[in-house]
Amino acid sequence: MTSSTILRMKGIRKIFGTVVALDDVEFGLNSHEIHGLLGGNGAGKTTLMNILYGLYKPDAGETYLRDEKVDIKSPGDAINHGIGMVHQHFLQIDSYTVVENIVLGTPVRNRYALKLDEEEARIIELAERYGLKVEPRARITDLPMGARQRVEILKALYRGVDILILDEPTTNLTPQEVESLFQCLRGMAQEGLSVVLITHKLREVLRVCDRISVLRDGRSVFTIPREEATEEALVRGMVGEEVEVKTSLFFRTGEVGRDTVKVGERPILRVEKLQVIGPQGRPLVTDCSFEIREREIFGIAGVAGNGQQELAESLLGIRPIAGGNLWFDEASLAGARTRDLVEKGITYIPEDRLRDGFLPKANVAENLILGYHRQEPYSRRRFLNWKAIFGTARLLIGEYHIMPPNPAAMAADLSGGNIQRLMLARGFSRPAKLLVAHNPTRGLDIRSTEFVYSKLLEQREQGMASLLISDDLDELLLLCDRIATIYRGQIVGTLERGEFDKYELGRMMSGVMTRE
Amino acid sequence: MSELAVQPRHNVRFLVAGFVPYLLAVVAAFLAAGIFIAAMGFNVPEAYSSILFTSFRTPTAFIQTLLKFVPLMLMALGFAVPLKANKFNIGLEGQLILGAIGATAAGILLADLPAFLLLPMAILAGILFGALWAALPAWLLYRFNINEILTTVLMNFVAFSLMDYIATEVWGDPGAGHPTTIPIAPGAYMPLLVSSPPLNAGILIALLTAVVVYIYTNRTVSGYELGATGSNPRASMVYGINTRTMFLLSLIIGGALAGLAGAIEVTGVQHRLIEGMQSNYLQLGIIIGLIAKGNIRAIPLVAFFIAVLEVGASAMQRTMMIPVEIVFIVEALILIFILLADVIRRR
Amino acid sequence: MEGIGAQVVSLAKLVMLTMVPYVLASQGTMLAGRTGLFNVAQEGVMLVGASVAFLVAYLSGSLFYGLLAAALAGGLFGLALAYFTTTLKVNQFVIGLALFFTGLGLSTLLYKYVIGVTLQPPLIPTLGDVAIPGLSRIPFVGEILFDQNVLVYFAILLSIFLYYLLYRTSLGLELRAIGENPKAADSLGISIPIYRYVTAIVGGMLIGLAGAYLPMVYTGTFTAGIVKGRGWLAIALTFFGGWAPHLIFFGSLFFAGIEVLAFRVQVRGVAIPYQFLLMLPYVATMLIMIFASKRVGIPAALGLNYDRERRTLLD
């Protein structure tokens, strides 16, 4: 199993507007290897691979495939050169079958009658060879996440790629599915494929990668073989020297100063046998019951897609409730409208902050008041008070370091990072009794993540309770007073701080119930 | 969404940068049309002069321009308000017609009322009828999520037939050679600001309406919600805005504005319902709305400019036999060139 | 007995005749729409098609050249639509309306320029029926289906062809994928610009032909009101047909049926004022839209532009 250099990227530079996403980046890949591309959010890992895959054009730099210079101008080119990519958000046609998705864009034997038997047989053979179980005639909409990912991988393998790039592949998988994915990747590497694993999860790269390259702020930091890598070294590579690992919240593995704040006695939110039904009559949240006390940080752990989104939305009045009861601050929430809930003191940070919270055609100030625009001081009796709005906007812009510091700037002109800061600024701008936050730190760099944690704790001291729904177990273990697990729309167990056990939580997340 | 983009230190540069592309677009459009005119064998400078300056040559022409300006501006506003919510109100024509029908009906049926009651009733009837005509497609959007472009257009055709029916069967004037109703009662006539040539007070109502619309879209909570809905309906919904109601409201306001235009035409200019009174106000109203990019403050200016072009166009056809459609194409080209200018600016 | 049979046949024949512009314009709309391009300029394109067809036929004496010219003109409008939306990323509705206005002005302008003002509008001969030997002798069906003008045959064959193309070829698989998830299609090397340009141009040609049909089969003249809203109705029909060629065909038949019936009733002198009968097709369409709204089939990316380097689809 001799390995050779199969890919070299040199001097890669990419600028988006005024943001330098990649600056003189180098990346090398060997055959027969699983290569981890590690870095925090905004480090540039996905951008680099998007360039390799022809989705972006680099502003400078060269790529060499087997020592021959190549110019990859489109995904079609990349595929022709034997490069395949599995994106974080799967690129599939929901209404098509597995086979149709896999063969889409490839020369099909029976062009003029679309009988895909031959192709189907080839797919089944590939699937068996690499241990990727799929049902060829199934429609994508009917498949669970794990199966969909297998389809994405098969798409690349079907095209005979030598290089397979996976972008954050474990986000939506249970610990068990992650293990089976890694086994599959090891098998591919043995057969000679090169695998690039883009991730921000340290422990994963240490588990499965042969070599690890670290990117930070758009620059290459170093590349080391796994034997030489330690968690500490990788952390330093990812965050540099600016963040003091010892005092940082992000790298805490223990407790976070909670002696000063005591959880209240009175429940601020009570959820009893909540039921939310989905489009095809499927229950997405069922028999869900829990309670949050004043000033408590209550976490909900779970693999994405187990009802978290629907739960959050039903609490905010965005989704109708099919059954069960909700009480907020002693008052029933039955039939309450979102705007009333906001007024009563519930605040929401949605998971997809752009789709669910961003107004591109508005300016910064208008974005900051969304949801609160009916309240003083932003408005009085149906008329907006622009003076007060701009005043508050300037304060928030200062506190959250939003650039450019102009409340009248068009929000669409802001860079991605600034937009995220804008959304967070809004989320924490008003005192609230309950914060419902769904993956609030997803997509944020380490400094912003720190900021969110400190803001959360700060508002807790001022009386706010939080419902923290997160895919990131470490985050929950760091901040929460109690952690419940959601599985298939049901709360399957709650652990108090002191009893926190990562592996038990992992088991509950996979549906293995050990607690009643 | 917001027209409050305040750029403290670059006011002059900002203004210039804003106007220059518009100016270039107009020049380019005229040049293109000039080629056409020359190809057809007509005198280009004379044509240009007729198009651009006729409005300012005689008091009659100027008043005519103002009279055209009123419905054009109101129609453009009727397009711009729903546009804020990202809805395309193509039904302005039908809404205008229904507004005219409403005013005519009030003017004929309530003829005995004294003037200070009858005129406001006629105007209100026009606004109401226009709003109702938009309410049906608005409701179809609200209830069944049916695209409003289609339904509003269909309502236009129904309105044509309705107008024909009213102008021939219901209140038809047998003496007229063209489907027209009998005149409305003098009590419903709009007072004149200038008697010769006649300029009615409708222009005051129209300008006041523009101010009210501006205040609504830029300074009220409801106006904010309208703009937010157009910018990102999903996010607006997540943050408590009732977007479906906003869509409904935006179309009804659009209909009301077009209805007002129709009512002013009837009570101020023709004093009866004449079939075809809708002219090409729909197309021009939309063009104005799009050229102004939905900016409420820009609409009166653009509307006036288009009114000048239109008066010039008829003069040109009368005196030089050049088809008026040339000017219409100029207007469409201005829009297209402005779209191109936007693309270039983005790069 | 004979009388009713003959009446039914003549009615059915008329329906077949009437459905053609609807089929052509709707299929043209559908084709581009399936790649995500929402054309709203049909009314203007049909006017240009009608005007150009009439003028070229009048000047050259050949109906064939007239049809060709109309298709060409429609194709040019399609090209403009594709260029502005796919390459320049302009909002599809805005450019659609701009093209509608352009077509509106251009059609009348060309007519006035070529013909000028006349007391008696000039006429062109209309398309004659072409009977298919043998098949046209079949009782009832023969006359309805096989004794029509060439464009009727074209409309039928077109619909069959499009159905086959979209659902039974890999080309169709790729085409539809673009309308459903352009990013996915792009990531697999499918060229979105090529598909959008081609479908927009071909779709434009069909819409131009739909416009040409009106002077060439109905009236023999051109007037500014000749299209009478059929361009907009075509959009509604496309929705009603769930953006599927076979359903669009039957939907067009249904629609043509309503139009023919309304006319017949009007001619019969029924007590309802004729203006209300004229409203019937439009009201019917709105009712149809209510049923269509429940139907699946609208391409997910319809109306949205695609830019490879952007995270979301463009409004």
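# A walk through chains A, B and C

Visitor: Where does A322(A) lie?

Guide: A322(A) lies in a loop of chain A, between α9 (308–315) and β14 (323–328). One caution: this is a predicted model.

Visitor: Buried, exposed or partly exposed, that A322(A)?

Guide: Partly exposed, because 16 other C-beta atoms lie within 10 Å of A322(A).

Visitor: What is A322(A) in contact with, leaving aside neighbours within four places in sequence?

Guide: Q275(A), V276(A) and I277(A). As for T286(A), 36 residues separate it from A322(A) in sequence. In space, the two C-alpha atoms are 9.4 Å apart.

Visitor: Staying in chain A. Where is I292(A) found?

Guide: In strand β12, which covers residues 283–293.

Visitor: Why does I292(A) count as buried?

Guide: Because I292(A) has 24 C-beta neighbours inside 10 Å, and the cut-off for buried is 20 or more.

Visitor: What does the domain assignment give for chain A?

Guide: Domain 1 is 5–239. Domain 2 is 295–319 plus 334–509. The C-alpha centres of domain 1 and domain 2 of chain A lie 31 Å apart.

Visitor: How many residues does each domain of chain A bring to the contact?

Guide: Twelve from domain 1 and twelve from domain 2. The domain 1 side has five nonpolar and seven polar residues, with no charged ones.

Visitor: On to the chain pairs. How many residues of chain C are in contact with chain A?

Guide: 17 residues of chain C, against 18 residues of chain A. On the chain C side, α7 (170–180) and α8 (182–187) each supply at least two residues. The largest share, five residues, comes from α7(C).

Visitor: What classes make up that chain C side?

Guide: Seven charged, five polar and five nonpolar residues touch chain A.

Visitor: Is α7(C) mostly covered, or mostly open?

Guide: Mostly covered. Nine of the eleven residues of α7(C) are buried. Among them are L173(C), E174(C), L175(C) and R176(C). S170(C) and E180(C) are also on the buried list.

Visitor: Now chain B with chain C. How many residues are in contact?

Guide: 32 residues of chain B and 33 residues of chain C. Four helices of chain B each supply at least two residues to the chain B side: α5 (115–144), α6 (148–170), α11 (281–291) and α13 (325–346).

Visitor: Which helix gives the largest share of that chain B side?

Guide: α6(B), with twelve residues. By class, the chain B side has 25 nonpolar, four polar and three charged residues.

Visitor: Pick a residue in α6 of chain B.

Guide: L162(B) sits in that helix. L162(B) counts as buried because 21 C-beta neighbours lie inside 10 Å. Beyond four places in sequence, L162(B) is in contact with I101(B) and with Q275(C). L282(B) is 120 residues away along the chain, and its C-alpha is 18 Å from that of L162(B).

Visitor: Helix packing next. At what angle do α8(B) and α10(B) pack?

Guide: About 105 degrees, with the axes 10 Å apart. Therefore α8(B) is roughly perpendicular to α10(B).

Visitor: Which residues meet there, between α8(B) and α10(B)?

Guide: E225(B), L226(B) and T229(B) come from α8(B). They meet T243(B), M246(B), F247(B) and S250(B) of α10(B). That contact has three nonpolar, three polar and one charged residues.

Visitor: And how do α2 and α3 of chain C pack?

Guide: α2 (42–60) and α3 (63–87) of chain C pack at about 150 degrees, with their axes 7 Å apart. The two helices are therefore roughly antiparallel. The crossing is right-handed.

Visitor: What meets what between α2(C) and α3(C)?

Guide: V45(C), V48(C), G49(C) and V52(C) are among the α2(C) residues. On the α3(C) side, the list includes L63(C), Y65(C), G66(C) and L67(C). The contact divides into 14 nonpolar and four polar residues, with no charged ones.

Definitions and conventions
Residues are numbered from 1 along each chain as its sequence is written. Chains are lettered from A and ligands numbered from 1 in the order in which they are written. This is a predicted model: local features need pLDDT of at least 70, side-chain atom pairs count only at pLDDT 80 or more; totals for chains, interfaces and linings use all residues. A residue is buried if 20 or more other C-beta atoms lie within 10 Å of its own, exposed if 12 or fewer, and partly exposed in between; C-beta atoms are placed from the backbone. Domain bounds come from an automatic or database domain assignment. Two residues are in contact if their C-beta atoms, placed from the backbone, lie within 7 Å. Ala, Val, Leu, Ile, Met, Phe, Trp, Tyr, Cys and Pro count as nonpolar, Asp, Glu, Lys and Arg as charged, and the others, Gly among them, as polar. Axes are lines fitted to C-alpha atoms, for helices over the stretch in contact, and angles run from 0 to 180 degrees between N-to-C directions. Angles under 35 degrees count as roughly parallel, over 145 as roughly antiparallel, 65 to 115 as roughly perpendicular and the rest as oblique. A crossing is left-handed if the near helix is turned anticlockwise from the far one by less than a right angle, and right-handed if clockwise.
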